Amino acid sequence: MLGNIEMKARRGVMIKRGQVHPALETIKERIEERRLAANLSRNEASRRAGLGLSYINDLMSDKSKNPGQDGLVKLAELLDTDVEYFLGMQDTPRKEGVIARAPIAIKPEPERVAASSIALYQIGLTDPDGFVALPESRRSPWPLSIDSASAYCVTVPDDTMAPRFRVGELVVVNPDRPVVHGGFAIVRLTDGRVAIREVVNIAPDVITVRSLSDQATREIPRSEVDKLHRIIGSCELA
């Protein structure tokens, strides 16, 4: 007899309530990785997944040591991830060939009307670190209709990302969309400088990026990175 002890099946293993989930550290690490990729705070990610404000904070502080399957599924849906990735059962956030599912919506978002123009930043030469300032003085409107009030364009300052992005082209940036491994992003440092890079890996303590022209990778401490903004396309500056 089980008495008052509740048993739950996880990955084929029976786990008693109150026990520590055998994959807890992997779950914590990968939730943080995907949350940072989505540019969401812990509270906001928990809220959007319909789990209350403290769900992720409770996990990270070990206040909660045995997360339920339902909560992990909701977080996986929000963060465009298979729940098996959180559990350490697969090495990539999505199985190859699986079409990404739409994020969970807790309440309807207000209807947005695509703007007729977005901000264009014509940036100058890069510094020795490969980054460049993004001052408001270089901002001007550019005619492009996109369903994001925070979208913007940046001129490519050099051929570091050639042949994907060449000097003088525009990259179109949508901060509302999450950055994924292998994707391209504007890497914004805490000092305001930015660079266009391929995102190799996003971890809680470090972000690894790569330039295409020389395939050089660089690890940037997470404390030095302000934001990652997803690049969704490129075009020539007419």
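The exercises that follow go from the whole chain to single residues, each with a worked solution.

The model is a predicted one, in which local features need pLDDT of at least 70 and side-chain atom pairs count only at pLDDT 80 or more, whereas totals for chains, interfaces and linings use all residues. Residues are numbered from 1 along each chain as its sequence is written, and side-chain values use heavy atoms, with hydrogens and water left out.

**Exercise 1. Describe the chain by its secondary structure, its burial and its contacts.**

Solution. Begin with the secondary structure, where helices (H or I, at least four residues) and strands (E, at least two) are DSSP runs numbered from the N terminus; the chain comes to five helices and eleven strands. Next take burial, where buried means under 20% relative accessible area, exposed over 50%, and partly exposed in between, with a 1.4 Å probe and protein chains only; 41% of the 238 residues count as buried. Finally take contacts, defined by heavy atoms within 4.5 Å: among those between residues at least 6 apart in sequence, 57% join residues at least 24 apart.

**Exercise 2. Find the buried residues of helix H4 and the elements against which they pack.**

Solution. Helix H4 covers residues 69-78, and its buried residues are Gly71, Leu72, Leu75, Ala76, Glu77 and Leu78. These buried residues pack against helix H1 (24-37), helix H2 (42-48), helix H3 (55-60) and helix H5 (83-86). Just after H4, Asp80 takes a positive phi of about 55°.

**Exercise 3. Identify the aromatic pairs and classify each by its geometry.**

Solution. The rule is that rings of Phe, Tyr and Trp (its six-membered ring) pair if their centres lie within 6.5 Å, and that planes under 30 degrees apart count as stacked, over 60 as edge-to-face and the rest as tilted. By this rule there are two aromatic pairs. The rings of Tyr121 and Tyr152 have centres 5.9 Å apart and planes at 90°, so this pair is edge-to-face. The pair links distant parts of the chain, with Tyr121 in strand E3 (residues 118-121) and Tyr152 in strand E5 (residues 152-155), 31 residues apart. Both Tyr121 and Tyr152 are buried. The rings of Phe165 and Phe184 have centres 5.4 Å apart and planes at 85°, so that pair is edge-to-face. It too links distant parts of the chain, since Phe165 lies in the loop between E5 and strand E6 (170-174) and Phe184 in strand E7 (residues 184-189), 19 residues apart. Phe165 is buried with a relative accessible area of 2%, and Phe184 is buried with 13%.

**Exercise 4. Which residue lies over the face of Tyr85?**

Solution. The criterion for a charge over a ring is that NZ of Lys or CZ of Arg is within 6 Å of the ring centre and within 35 degrees of the ring normal. Arg30 lies over the face of Tyr85, at 4.2 Å from the ring centre.

**Exercise 5. Examine the backbone of Pro163, Asn39 and Asp62.**

Solution. The peptide bond from Ala162 to Pro163 is cis, with omega near 5°, and Pro163 is found in the loop between E5 and E6. Asn39, in the loop between H1 and H2, has a positive phi of about 55° although it is not a glycine; at 30% relative accessibility, Asn39 counts as partly exposed. Asp62, in the loop between H3 and H4, likewise has a positive phi, near 65°, in a residue other than glycine, and at 32% relative accessibility Asp62 counts as partly exposed.

**Exercise 6. Is Arg166 buried or partly exposed, and which residues does Arg166 contact beyond its neighbours within four places in sequence?**

Solution. Arg166 lies in the loop between E5 and E6, and at 42% relative accessibility Arg166 counts as partly exposed. Leaving aside neighbours within four places in sequence, Arg166 is in contact with Val156, Asp158 and Asp159. The C-alpha atoms of Arg166 and Val156, ten residues apart along the chain, are separated by 6.4 Å.
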